[in-house]
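Colleague: Could you walk me through this one, starting with the helices and then the aromatic rings?

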Amino acid sequence: MEFKTALFYVFAAIMVLAATRVITARNPVHAALFLVLAFFNAAGIWLLLEAEFLAIVLVLVYVGAVMVLFLFVVMMLDIDTEKLRANFWGYLPVASLVGVIIVLEMAAVLWRSFLSFDPRPAPVASLGGTKELGIQIYTKYIYGFEIAAVVLLVAIIAAVALTLRKRKDTKHFDPADAVRVKRNDRLKIVKIAPVTSRGQAETEVKEAP
């Protein structure tokens, strides 16, 4: 067995175990950390396939940004895991049915690719490079790329709209009124007489012009 093949089996085994722990871990933080481990092993497999750009993007984007966000959200929110797992066995039949349908659909898509698979190795220059990837995205897959960009833009607008909903416990002010305000409207200077030697303050207060 070649060293590269042995590394592939090691990465694949660790990734499968980590993915299993993601859905079986009781602690949400532990589940997120196992997902980070699965991403790292997936990046190692991409490196073995000489797709360096995809491996770096997987580590920087998903591990460095998305998973850090997940960890912050999980640790900051007080999630009641017992309540979430209360009706676990009740949802298991429906979840199993959905999982079987997804597996069958993926098998139907991949089986045709396996039948027409060309065992000859592809040129190394056409794999993993940013130049080749950019050429494919902006020529052959330009419409799919633009549609994905529009979908992400709509998702961002929807997220902002949901977070900016009107609430009774928030304070709102008109920015135009804040810009037009003058110093005399906010600040009033008064003169207070100094305290006498007997420890009693003068009662007369003169207002500044």
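This is a predicted model: local features need pLDDT of at least 70, side-chain atom pairs count only at pLDDT 80 or more; totals for chains, interfaces and linings use all residues.

Colleague: At what angle do α1 and α2 cross?

Modeller: The axis of α1, residues 3–24, crosses that of α2, residues 28–48, at roughly 155°, and the two axes come within 8 Å. Angles over 145 degrees count as roughly antiparallel, and therefore α1 is roughly antiparallel to α2.

Colleague: Left-handed or right-handed?

Modeller: The crossing of α1 and α2 is left-handed.

Colleague: And which residues make the contact?

Modeller: On the α1 side they include Leu 7, Phe 8, Phe 11 and Met 15, while on the α2 side Phe 34, Leu 35, Ala 38 and Ile 45 are among them. Sorted by class, the contact of α1 with α2 holds 17 nonpolar, 2 polar and 2 charged residues.

Colleague: Switching to rings, how many aromatic pairs are there?

Modeller: Searching the whole structure gives 3 aromatic pairs. One of them joins Phe 8 and Tyr 9, whose ring centres are 5.7 Å apart and whose planes stand at 65°, so this pair is edge-to-face. Phe 8 is partly exposed, with a relative accessible area of 39%.

Colleague: What about Tyr 138 and Phe 145?

Modeller: Their ring centres are 5.2 Å apart with the planes at 65°, so that pair is edge-to-face.

Colleague: Is Tyr 138 buried or exposed?

Modeller: Tyr 138 counts as exposed because its relative accessibility is 52%, and the cut-off for exposed is over 50%. Phe 145, with a relative accessible area of 35%, is partly exposed.

How values were computed: Residues are numbered from 1 along each chain as its sequence is written. Side-chain values use heavy atoms; hydrogens and water are left out. Axes are lines fitted to C-alpha atoms, for helices over the stretch in contact, and angles run from 0 to 180 degrees between N-to-C directions. Helices (H or I, at least four residues) and strands (E, at least two) are DSSP runs, numbered from the N terminus. Angles under 35 degrees count as roughly parallel, over 145 as roughly antiparallel, 65 to 115 as roughly perpendicular and the rest as oblique. A crossing is left-handed if the near helix is turned anticlockwise from the far one by less than a right angle, and right-handed if clockwise. Contact means heavy atoms within 4.5 Å. Ala, Val, Leu, Ile, Met, Phe, Trp, Tyr, Cys and Pro count as nonpolar, Asp, Glu, Lys and Arg as charged, and the others, Gly among them, as polar. Rings of Phe, Tyr and Trp (its six-membered ring) pair if their centres lie within 6.5 Å; planes under 30 degrees apart count as stacked, over 60 as edge-to-face and the rest as tilted. Buried means under 20% relative accessible area, exposed over 50%, partly exposed in between (1.4 Å probe, protein chains only).
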